[in-house]
Amino acid sequence: MSSYLTNPWTVHDRLGVAPILGKLLSENLHRTEADVIEERVNFGPYPNQTVLIYYPAKATERRRSLVYFVHGGGWYSGNPQIYRFVGHFFAEMGYPTLLAGYRLAPMFRFPAQVDDVCAGLDIGMRVLSVHGITVDRVIAGGHSAGAELAALLIYDRSRRGCSSVTYEKFGGYFSISGPISFADCTVPELRAMIAAYMGNPDDWDAADPIKFIHGDETTPALIIHGDQDPLVDLENALAFARRLSSSGTCPVEVYLVPGGHHANLAVMFVEDQPATRMLRRWLRFCEDPAAPIPPDLMDPESSLNP
């Protein structure tokens, strides 16, 4: 049996997330609302080279910001179908949404995963255009390994050519439990996953998001992390946020989930939690920093002030 399935962090985290797994599966099974269109598009010969597309059926309810969500799974597991509830979460707020799929490690190593994430965004944007849906900005992010891939999509300037979306069109980046500073990822199990994803340890800098922060970034960022995450070190998230905000030109918000572990943060997409309200507020901020915050999104535990 794979060590990924037997190591202590997985047992600990799965015990914490077990009560919500049924709820998440139920959300996927019952997500058939007539007011949200769902479509699947394949862009390669492998099963995970796919993108799920969501948007409000009524044109009048569609926002002009696209949310691009990349799933987690340690780069070696998962697929967009598992996260259908995330697509509906954003689409029900009016955001056209893409859920990215990508080839998995260790059969496929970096940069296959980020290449697929770029390709998924390209094809998803084309499909939305065919449907007459206009996108002014792209807000990209993900959970766990997906947050790392979304960060490379935005911050690795050498890879801009593999996507039709320029840096200027990215309107926000969000990380949920993301490994975004490899030097601060100290848990052996996570480092083994990075090794399976990257191969030679000498090449890790090529996929380490913090290495691509140059100090002139202006795209707003939201970093959500559990303060009890047993897999991805909290310091990793804080280090990335410090580097990104060091220039003073990039709005960065960090939200620490009290008692939050790793996988169980996904419940924020199916339950109204402080982290849910934080994300909703931040999305509004990305669209219009001067817009007033609706009363139902106010949360005394969080602030949008960097």
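1. Let's start with a pairing you can trace by eye: strand 1 (residues 36-42) runs antiparallel to strand 2 over seven bridges. Within this pairing, V36 has P56 of strand 2 as its bridge partner. Strands here are DSSP runs (E, at least two residues), helices are DSSP runs too (H or I, at least four residues), and both are numbered from the N terminus. Two strands pair if DSSP finds at least two bridges between them.

2. Before going on, a word on the source: this is a predicted model, in which local features need pLDDT of at least 70 and side-chain atom pairs count only at pLDDT 80 or more, while totals for chains, interfaces and linings use all residues. Residues are numbered from 1 along each chain as its sequence is written, and side-chain values use heavy atoms, leaving out hydrogens and water.

3. How confident is the predictor? The chain has a mean pLDDT of 88, with 85% of its residues at 70 or more; pLDDT is the predictor's confidence in each residue, from 0 to 100. Over residues 1-9, please read with care, as the pLDDT is below 50. Residues 302-306 also have a pLDDT below 50.

4. Back to strand 2 (residues 50-56), where seven of the seven residues are buried (under 20% relative accessible area with a 1.4 Å probe, protein chains only; exposed is over 50%, partly exposed in between). In a regular strand, side chains alternate between the two faces of the sheet. In strand 2, T50, L52, Y54 and P56 are buried on one side, and V51, I53 and Y55 on the other. Strand 2 also pairs with strand 4 (residues 97-100), antiparallel over four bridges, and there V51 has A100 as its bridge partner.

5. Now find G142 in strand 5 (residues 137-143). Is G142 buried or exposed? G142 counts as buried because its relative accessibility is 0%. Beyond four places in sequence, the contacts of G142 (heavy atoms within 4.5 Å) include F69, A147 and F174.

6. The whole structure holds 16 aromatic pairs. Rings of Phe, Tyr and Trp (its six-membered ring) pair if their centres lie within 6.5 Å; planes under 30 degrees apart are stacked, over 60 edge-to-face, and the rest tilted. Y155 and Y173 are edge-to-face because their centres are 5.5 Å apart and their planes at 80°. This pair links helix 4 (residues 145-155) with strand 6 (residues 170-176).
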